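Trainee: I would like to learn how to read a model like this one. Please take the features one at a time.

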Amino acid sequence: MNRTRRLRKTEGIRRLVRENKLTVDDLIYPLFIEEGTDIEKEIVSMPGIFRFSLDRISKELDEVVDLNIPAVLLFGIPTQKDCEGTETWNDNGIMQQAVRFIKKNYPNLYVITDVCFCEYTDHGHCGIINNNDVDNDATLVNLAKQVISHAKAGVDMVAPSGMMDGTVETIREALDNSGYPNLPIMGYSVKYASAFYGPFRDAADSAPTFGDRRTYQMDPSNRLEGHREASFDDEAGVDILMVKPALSYLDIIRDLKEDFDRPIACYNVSGEYAMVKAAAEKGWIDGERVMMESLLSMKRAGADIIITYFAKEVAKLLKK
Ligand code: PBG
């Protein structure tokens, strides 16, 4: 008889035949940095995740470095919003200050910035509004300004998340022409218009004041379109392809892993985090095991890199 249970008998043999492993090297930890002082505010729907002002963030960064997490993904929350999000390219804006602060005090921590406008526009959309919709090409002009400002601040990698067409071409060209040919781009290449971003929009004050993001983010029904999006970014020379959200889109992660020879990242988003935390709090699931199992499923699907709010918890568990 074919007995598959022979290789499941003890932890020793299970360890030997284990096909996929989660390690601390896979993880990117998102950080919300708010302009101002003395801010350390827990996000209600994301227990354990805080918004920090720069003067209060060192404790968090010390912990990230102690846990050997290789990278952070920064989101800025400015005090000033306007219709274009002009603060995004202010060389002294909150994101730029944060990058300079972290690179100066934690030079070995890899710093990635989320490049978008939704936290910086008074309407909450990811670009300039014209005729009740985001104007793609006008937004590209500002995207280039934003990315150069992040580059000047000393960021290690940029991650454009706004889903405008031509994003990677525009940013690559701007960086190459401004003396930053070696600055890599992680594209939010396949990003769906997802209800799983709910808690994030509270965390980053970025909910749209009218309409939704379905004219720029992808329809969750579509798989082939994900391949097309990834192809365009691949041709434009993106360095890392990302799929977002992660858990409901494992098929897309697998597609990209098989079809492209670039590193694949996935974003385990705010709603995925909140669901695990809420159910665990009620005692309905074992939160720690569900966390590990879902992150492992992303690796098994083909992700090389996982952006997750669980990064610190996972790193602590893996250390044991
Ligand atoms: C900004 C952005 C969003 C997320 C990352 N970058 C929100 C959105 O597109 O509405 C979501 C992250 C999360 O839910 O954890 N464009």
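Mentor: The expected span of a helix is 1.5 Å times one less than its number of residues. Helices (H or I, at least four residues) and strands (E, at least two) are DSSP runs, numbered from the N terminus. Helix H3 (residues 94–105) has 12 residues and reaches 16 Å from first C-alpha to last, close to the 16 Å expected. This is a predicted model, in which local features need pLDDT of at least 70, side-chain atom pairs count only at pLDDT 80 or more, and totals for chains, interfaces and linings use all residues. Residues are numbered from 1 along each chain as its sequence is written, and side-chain values use heavy atoms, with hydrogens and water left out.

Trainee: Which residues of H3 are buried?

Mentor: Buried means under 20% relative accessible area, exposed over 50%, and partly exposed in between (1.4 Å probe, protein chains only). In H3 the buried residues are Ile94, Met95, Gln96, Ala98, Val99, Ile102 and Lys103. Their cover includes strand S1 (27–34), strand S5 (110–115) and helix H4.

Trainee: What does Asn142 touch?

Mentor: Contact means heavy atoms within 4.5 Å. Not counting residues up to four places away in sequence, Asn142 touches Glu84, Trp89, Phe117 and Ile128. Asn142 sits in H4 (residues 136–153) and is buried, because its relative accessible area is 3%.

Trainee: Which residues come nearest to the ligand?

Mentor: A residue is near a molecule or strand if one of its heavy atoms lies within 4 Å of it. Of the 16 residues around the ligand, Lys191, Arg201, Lys244, Ser270 and Tyr309 come nearest. A polar side-chain atom of Ser270 lies 2.7 Å from a ligand oxygen atom. The protein covers 100% of the 400 Å² of accessible area that the ligand has on its own (Shrake-Rupley method, 1.4 Å probe; for residues, only the protein chains shown count as cover).

Trainee: Where is the backbone worth a check?

Mentor: Most residues other than glycine have a negative phi, and most peptide bonds are trans. The bond from Lys244 to Pro245 is cis, with omega near -10 degrees. Asp38 has a positive phi, near 60 degrees.

Note on methods. Polar contact = N/O pair within 3.5 Å; in protein donor to acceptor, adjacent residues only side chain to side chain.
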